[in-house]
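Please open the model in a viewer and keep the selection tool at hand.

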Amino acid sequence: MTGLTPKMPLLDVRSLRVAYGGVVAVADVDVSVAEGEVFGLIGPNGAGKTSMIDALTGYQAPSGGSVNFDGRDITNMRAHRRARLGLARTFQSVELFDDLTVDENLLVASERAGVMLALRDLFLPARAPDRTNVDWAIDVCDLGGVVDRYPSEISHGQRKLVGVGRALAQKPRLVLMDEPAAGLDTDESLALGQRLRSLPDEHGVTVFLVDHDMSLVLAVCDRLMVLDFGHAIAQGSPAEIREDPRVLEAYLGSHGTPVATTAAGSGS
Amino acid sequence: MSSYLLFLILGLGSGATFAILGLGLVLKYRSGGVVDFAHGAVAMFIAYVFVNLRSQGVLPLPLIVVPDHIRISSTGIDTTLAIVISLVYAALLGAVLYFLIYRPLRFAAPLTRIAASVGVMLTFEAIGVLNFGTTSQTTPPILPTTPITIGSLTFPSDRIFFTGIVVVLAIALWLIYRFTRFGLATQAGAENDRGAALIGISANRVAAINYVIATVLAGAAGILIAPVANLDPTSYTLFIVPALGVALVGGFRSFWLVALAGILLGMGQSEIIKFQSQWTWFPHGDIPDALPFILIILTMTTRARSLLARGEAMTQRNPSVARPKNPMASAAFCLIAGTLIMLLLQGSLRNAFISSLTVVCIALSLVLLTGYVGQVSLAQMTFAGVGGFMLGHISHGWGLGFPFSLILAGLCAVPVGILVGLPALRLRGVNLAVVTLGAAFTADALIFNSQGFAGGLVGLPIKPPHLLGIDLSIAEGHDYPRLIFGIMVLVVVILMGLLVARLRRGAAGRMLLAVRSNERAAASVGINVPQAKLMAFGIAAFIAGIGGALTGYQQGTLTADGFATFASLGLLAVVYVAGIGRISGAVFAGIMMSSIGLAVTFLDERFGIGKYQTIVAGLALIVTAIANPDGVMSTTTGKGPAVLYFKLQDAVVARIHGTVTTKTPAAESEQPAEARPAVEQPHHV
């Protein structure tokens, strides 16, 4: 792999392998994400993107390789403990807590309630919950209008944003987003891109973005990696990726034209 | 050595029954997603049909009014003919049950169907008791019992036939469901009934046929076992526990595994009886009854996954959950209203009201556990029983006084709750329900039947409560039940209600509801899902334990009767139907629906429903489940008794509001606890 190797990787993945029975979804992939960048992972359907996120966040046991986060080996750590370390994620199918309001969705994420907190909350005098991170997440994702609604009462685009907000309400160091733009219209996608870009620049949250939407990924990311059939076929800056013949092949077949001309020039 | 083998072979009889019952359960589940708790009760009823036909020529009807039977012949009729008639009868019964109950509920939440099937079970058991009595009946063998001798081993030949029948059935079912169009249609319908309809399969007809076949199998199992095990309504109804166990071992799918598990279970139980008679060091007590549970736990812990994998959609549709608006005001209202009722009532009705309150307390534990956290538990009465009996030991043996003895008794139930909750870390929904039922059944057999822990038939004496020199006991001379005792119970139950309300409103409630909504997402925000579930089991067990301990104070000498397996089943069904996601549901269940509660006792005293109580309760459960799939106290359906009830409640509250506000400012904000418009839960498919 060419591409830049950051000096202080926040997330360091070595020869990660995910296999379901005999099917290899992720084949010995190395990734390194530096603090403060937006890292993109793209690839056609079935390339292994979600498998990769699942393995990084503890939802799928890898069959090989190692995952380091902030200098700690988290390869076999359980999902909720990774979240508590500051490794947040969103889901492709959003997966909000349907029984809770939008506000409570964010609040429960910011509280990271454990049994001790819950018991204290039960038997000791009530305390107002700390809303700092919740209000920040509401602000970043512009959710002010829907906080008291239930997930079933808001639009798909808003639900996606709540999903992002819920991840952010944990005030994570790194947030992995699984196709946050899927199902959004062009305007919504553009607005989302701006919000994502602001996360490392203004709020100190590193972003690992997985998406189909080439124009979004090329516009927002500092560096990206292309996955095809579980293999990392290219890695580099948006400009490099745009020119990479292997990527063109994977995406458009051998006679393709350069990708995503609409996004040209807005890459870095 | 050969005597050990002999017991193994003798166990083939009950093993075959478990296997055939289990096969029927698999059919019902595969075709319509129904876990039918009434399966054993139906087998029991058909067994009675067969025995009555054979010995007296009488065809019993599933009715309690006259005529409850039709006389076909003045003497008995031929065995083969009796079997054929009984099986046809079973087929008709299956069709009627399907079209009356399970078809209307085919899109309802799994819990609604469980509640309805519990209603069917209670109804049939009650019919059995009313029409056939509780003394067990025997009938001559059906299969040839000529002794067979192999080596030094001599055993009745019917055990060979039993096994043969199971093997033939398993092969036949496997062939049918693997290779015929009907079998494939069953599969298609179970996986996607709308999709199946699109390609021209009537999922409805296929499910009906499957249900009928399953009911015939249940009948066959009942008939086969009748000559081997004494026939009585309760023990045959309870065959559901081992049958569910073997169905679970087969994952509610594999006919082979179910048949094998059934036979092995029967052999194992029989062998344990041999061990118990042979080896003095072997633990006594009702170990054979505990065996299904041990089997279930072993298979489940080795098989199930702790976190749902991607694409494994949640199929559980959760009942709606209310958020108590102003718990302190509601509590104040309940205190006033409860005290007034306590003052108005006397004697048996006041006692029934106190019983209602204890049921409310145990029901509250279900609101927390099943309502808020979505963990279906059929062991709540077990937790209550542990609390009750521990209170006896604490108050007498350890000399600890009220209220510490009460609190400690509740705490004693916590480890039991956590233990029963352990399978919940890997199991969900119906599977969890079966495991907790097995746990309740085991506790029933091993703990509550033990002389030392539960005082046996006589019961365990409980020292009456005293607080700061005030006598809070239930009886003093002829004064029974005393007002002050009732108020003590009322206060304790209200405190438990406040605990549940507080839990719902705080960080704990958010955490638990997050777990209920979506375990994967809950883990993604740092929630330790297993820990949260165990905490819920622990707190719920504490509340139930307090309820059981209050029952102990009420009864003075506590017996295990009230904590039997059926009691837990009945409680879940009743609370579910009342509205398991809200505190008012627990209150409604305890006062209006519990068979020992105020409403039923009043009806009994006024109209003498007496012996028909269980059957009324069972029928009411079925009807309510069909009419209100989301619970009586739910406002989501916007029609039916719920809305009527809330109009009534609003009127009453308005009246109280007008009269009471001058006296107690607290009552001002009194309102239905579920004032927020409940949101219809999305269907996770």
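Begin by selecting A:Phe39 and A:Phe208; A:Phe39 stands opposite A:Phe208 in strand E8 of chain A. Strand E3 (residues 38-42) of chain A runs parallel to E8(A), and four bridges join them. Two strands are said to pair if DSSP finds at least two bridges between them. The helices (H or I, at least four residues) and strands (E, at least two) named here are DSSP runs, numbered from the N terminus. The model is predicted: local features need pLDDT of at least 70, side-chain atom pairs count only at pLDDT 80 or more, and totals for chains, interfaces and linings use all residues. Residues are numbered from 1 along each chain as its sequence is written, chains are lettered from A and ligands numbered from 1 in the order in which they are written, and side-chain values use heavy atoms, with hydrogens and water left out.

Why is strand E8 (residues 206-210) of chain A largely enclosed by the rest of the structure? Five of its five residues are buried, so the strand is largely enclosed. Buried means under 20% relative accessible area, exposed over 50%, and partly exposed in between (1.4 Å probe, protein chains only). In a regular strand the side chains alternate between the two faces of the sheet. In E8(A), A:Thr206, A:Phe208 and A:Val210 are buried on one side, and A:Val207 and A:Leu209 are buried on the other.

Now turn to another sheet of chain A. This open sheet of four strands has the order E2-E1-E4-E5, with antiparallel pairing. Its edge strands are E2 and strand E5 (72-73), each of which pairs on one side only. Strand E4 (residues 64-69) of chain A is joined to E5(A) by two bridges, and the two run antiparallel. Select A:Phe69 to find its bridge partner in E5(A), A:Arg72.

Two residues with a particular backbone angle come next. Most residues other than glycine have a negative phi. A:Asp28, however, has a positive phi near 45°; its place is in strand E2 (residues 23-34) of chain A. At 43% relative accessibility, A:Asp28 is partly exposed. A:Lys171 also has a positive phi, of about 50°, and is found in the loop between helix H6 (156-168) and E7 of chain A. A:Lys171 is partly exposed as well, with a relative accessible area of 39%.

Display both chains for the next stop. In total, 42 residues of chain A are in contact with 36 residues of chain B, where contact means heavy atoms within 4.5 Å. The two chains bury about 3,400 Å² between them, 56% of it on carbon and sulfur atoms. Buried area is the accessible area (1.4 Å probe) that two parts lose on being put together, summed over both. In chain A, A:Tyr59, A:Asp99 and A:Leu122 lose the most area to chain B, together 20% of what that side buries.

Within this region, select helix H4 (residues 115-123) of chain A and helix H23 (residues 529-555) of chain B, whose axes come within 10 Å and cross at roughly 35°. Axes are lines fitted to C-alpha atoms, for helices over the stretch in contact, and angles run from 0 to 180 degrees between N-to-C directions. A:Val115, A:Ala118, A:Leu119 and A:Leu122 of H4(A) meet B:Gln531, B:Met535 and B:Ile539 of H23(B) in this contact.

Finally, select B:Ile296 in helix H13 (residues 287-303) of chain B. Is this residue buried or exposed? B:Ile296 counts as buried, at 1% relative accessibility. Not counting residues up to four places away in sequence, B:Ile296 touches B:Gly245, B:Leu248, B:Val434 and B:Val435. B:Ile296 and B:Pro242 are 54 residues apart in sequence and 9.3 Å apart in space, C-alpha to C-alpha.
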